[in-house]
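Student: Hi! Could you walk me through this one in simple words?
Tutor: Happy to, let's look together.

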Amino acid sequence: AIPLVVAINTSLAAQNGMLVRDRIAMEEARNLDAIIFDKTGTLTEGEHGVVDMATVDGVDAEDALALAAAVESDSEHMIARAIREAADERGLTPPDASGFEAIKGRGVRATVEGDEVYVGGPNLLTQLDSAVPDHLQRFADEAGQNAQTVVYLVREGELVAAFAMADVIREESFRVVDALHDLGIEVAMLTGDSQDVATAVADELGIDTVFAEVLPEDKDEKVQELQDQGKLVGMVGDGVNDAPALTRADVGIAIGSGTDVAVQSADVILVQNNPLDVVRLVKLSTASYRKMQ
Ligand code: ADP
Ligand code: MG
């Protein structure tokens, strides 16, 4: 009888926009103690807009934005798209750039007019060991407290500008956190973004546990950290960066269109890009396997 129940359960899941790649994980979903969500693009819209910028003395804000857009011209990251759009809206033409390189979880680099230029977040500054001028630090602190993501422009080793970008929390995310709490499940958030932004978003949503400024190669360790506390852990993500964490999790859940890598690393794929389907998944698992006993 078990295969039949599993088959019904799987087709029910499919009707709800859930593709089950691992049936055992589907059964385990009802026992999850904690679920970790990727922040950007999962709990938030992931559609950033540049809302403010600051530069060092002698650097024009529009020149800085055009330069950043040039460095970002080859990147598909949501931040890159937002910077290109902001430059475009101001009628700026980015200078020619070459030698593009993506630095995973940190930013991008390119050569522009003979200069080595980087655009990226706090993790990039750490890697480049760049000093942050006082007024840019204040700019970044203020932006962070407003849950704005800050990216930096570094030219020839010198930090020359900072951009504040606003992302919006998805309306569904509030209900997801409440519903999971009602089910007795701990809610955690994992992000490469700054501690400030992560804390602001987590506070607003009522999230229990926050892992911020996590490099892509370290994301799976955070899953392990909760597992080491004896918890059965689910992980929800969409990016290439999330793949090892999805694999490590007891129930790996890819959401939205997702990247191929994320999809291949997940146990369950939520086809509609709706975080509320995570709650439906847990409830469906509970209902299906209760029936079986
Ligand atoms: P998340 O963990 O929030 O999904 P990522 O791992 O993709 O984000 O990136 C982590 C951080 O690295 C971003 O918050 C940003 O600071 C920086 N970053 C990554 N790619 C880019 C890029 N193309 N341009 C600027 N910053 C980037
Ligand atoms: Mg992401």
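Tutor: The chain splits into domain 1 (2-45 + 168-292) and domain 2 (49-166), with bounds from an automatic or database domain assignment. This is a predicted model, where local features need pLDDT of at least 70, side-chain atom pairs count only at pLDDT 80 or more, and totals for chains, interfaces and linings use all residues. Residues are numbered from 1 along each chain as its sequence is written, while chains are lettered from A and ligands numbered from 1 in the order in which they are written.

Student: How many Å separate the centres of domain 1 and domain 2?
Tutor: Taken over C-alpha atoms, the centres are 31 Å apart. The contact uses 13 residues from domain 1 and 12 residues from domain 2; residues are in contact if their C-beta atoms, placed from the backbone, lie within 7 Å.

Student: Which element gives the largest share on the domain 1 side that touches domain 2?
Tutor: Helix 9, with 4 residues. Helices here are DSSP runs (H or I, at least four residues), numbered from the N terminus.

Student: New topic: at what angle do helix 4 and helix 5 cross?
Tutor: Roughly 135°, and the axes of helix 4 (residues 61-71) and helix 5 (residues 78-89) come within 9 Å. Axes are lines fitted to C-alpha atoms, for helices over the stretch in contact, and angles run from 0 to 180 degrees between N-to-C directions.

Student: And which residues meet there?
Tutor: Leu65, Ala66, Ala68 and Ala69 in helix 4 meet Ile83, Arg84, Ala86 and Ala87 in helix 5.

Definitions and conventions:
Contact = placed C-beta atoms within 7 Å. Helix = DSSP H or I, 4+ residues; strand = E, 2+ residues; numbered from the N terminus.
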